[in-house]
Amino acid sequence: MTQDELKRAVGQAAARYVAENAPEGSIIGVGTGSTANCFVDALAPNGYRYKGAVASSEATRKRLESHGIAVFDLNDVADLPLYVDGADEIDAGLNMIKGGGGALTREKIVAAVARKFICIADSSKVVGIMGRFPLPVEVIPMARAHVVRELAKLGGIALLREGFVTDNGNIILDIKGLAIVDPKGLEAQINQIAGVVTNGLFAIRPADLLLLGTGEGVKTIF
Ligand code: 5RP
């Protein structure tokens with residue numbers, strides 16, 4: 001199977017999971033990226049079961065709305081039973097690097113509210129130790145040079161994502177050269193740097209369940 005076919009398969013599996021596990025009439029958290037798009041497309045035919053969705057990016061909001069799915073402001077939602085999103089890397093503890101699409105901050109906020117985080121990924125995303133995929137960090141523009149210097153002290157080489165502005169009006173630095181042996185510790189440490197909005201490590205709040213697309217079908221991993 002191609003990577004696109006695996007993404008479609010996990011998107012469909014996630015839509016089935018949501019149909020079986022989300023209370024009828026609930027609001028679903030929806031992530032960002034090509035795998036999350038497959039989930040949105042698979043969710044749409046069952047849209048009548050759900051009251052609507054909270055989107056982790058403007059791109060996802062538009063895609064949901066193009067399918068006729070109502071999109072709610074997170075501030076108006078008291079309970080989010082499930083959040084479904086992709087990942088750039090995921091390890092055996094279901095810690096993730098996210099933010100390849102630059103939506104990491106809103107993704108982290110929606111994930112923080114959700115009771116359960118379902119990660120959807122194809123098998124190319126599974127790693128032993130995270131860090132080969134450059135770690136995205138959302139930064140307030142005036143703090144760019146300071147954050148680059150502070151990340152260098154941690155052994156990271158920061159590259160500005162050229163021509164990219166987040167939905168929050170900030171920049172993204174992609175950090176190479178980090179061997180992430182302590183994901184929780186590094187997540188907290190980078191977030192302490194003045195000017196960092198958040199970084200793409202999802203270890204303090206990892207996924208609860210992984211639907212993994214493989215050549216042998218979609219595997220459910222806790
Ligand atoms: C966007 C993300 C995505 O979940 C991540 O980049 C994976 O994307 P894709 O499903 O396209 O491989 O974190 O900010």
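The model is predicted, with local features requiring pLDDT of at least 70 and side-chain atom pairs counted only at pLDDT 80 or more, while totals for chains, interfaces and linings use all residues. Residues are numbered from 1 along each chain as its sequence is written, and side-chain values use heavy atoms, without hydrogens and water.

An open sheet is formed by four strands in the order S8-S9-S7-S10, with antiparallel pairing. Strands (E, at least two residues) and helices (H or I, at least four) are DSSP runs numbered from the N terminus, and two strands are paired if DSSP finds at least two bridges between them. Strand S8 (157–160) and strand S10 (196–199) are the edge strands, each pairing on one side only. On average, neighbouring strands of this sheet are turned by 30 degrees against each other, direction ignored. Axes are lines fitted to C-alpha atoms, for helices over the stretch in contact, and angles run from 0 to 180 degrees between N-to-C directions. Four antiparallel bridges link S8 to strand S9 (residues 171–176), and Leu 159 stands opposite Asp 174 in S9.

Helix H4 (residues 104–113) packs on this sheet and touches strand S7 (135–139), S9 and S10, contact meaning heavy atoms within 4.5 Å. The direction of H4 makes about 70 degrees with that of S10. Helix H5 (residues 144–153) also packs on the sheet, touching S7, S8, S9 and S10, and its direction makes about 15 degrees with that of S9.

Strand S3 (residues 82–85) pairs in the parallel sense with strand S1 (residues 27–30) over two bridges and with strand S6 (residues 116–122) over four. Gly 29 stands opposite Tyr 83 in S3, whereas Val 84 has Ile 118 of S6 as its bridge partner. In a regular strand, side chains alternate between the two faces of the sheet. Both faces of S3 are covered, with Leu 82 and Val 84 buried on one side and Tyr 83 and Asp 85 on the other; buried denotes under 20% relative accessible area (1.4 Å probe, protein chains only).

The largest pocket is lined by 15 residues, of which Thr 32, Gly 33, Ala 87, Asp 88 and Lys 125 lie nearest its centre. On a 1 Å grid over the protein atoms alone, a pocket is an open set of points with protein on both sides within 12 Å along at least five of seven lines, and lining residues have an atom within 4 Å of a point.

Conventions. Buried means under 20% relative accessible area, exposed over 50%, partly exposed in between (1.4 Å probe, protein chains only). On a 1 Å grid over the protein atoms alone, a cavity is a set of points where a 1.4 Å probe fits but cannot get out, and a pocket is an open set with protein on both sides within 12 Å along at least five of seven lines; lining residues have an atom within 4 Å of a point.
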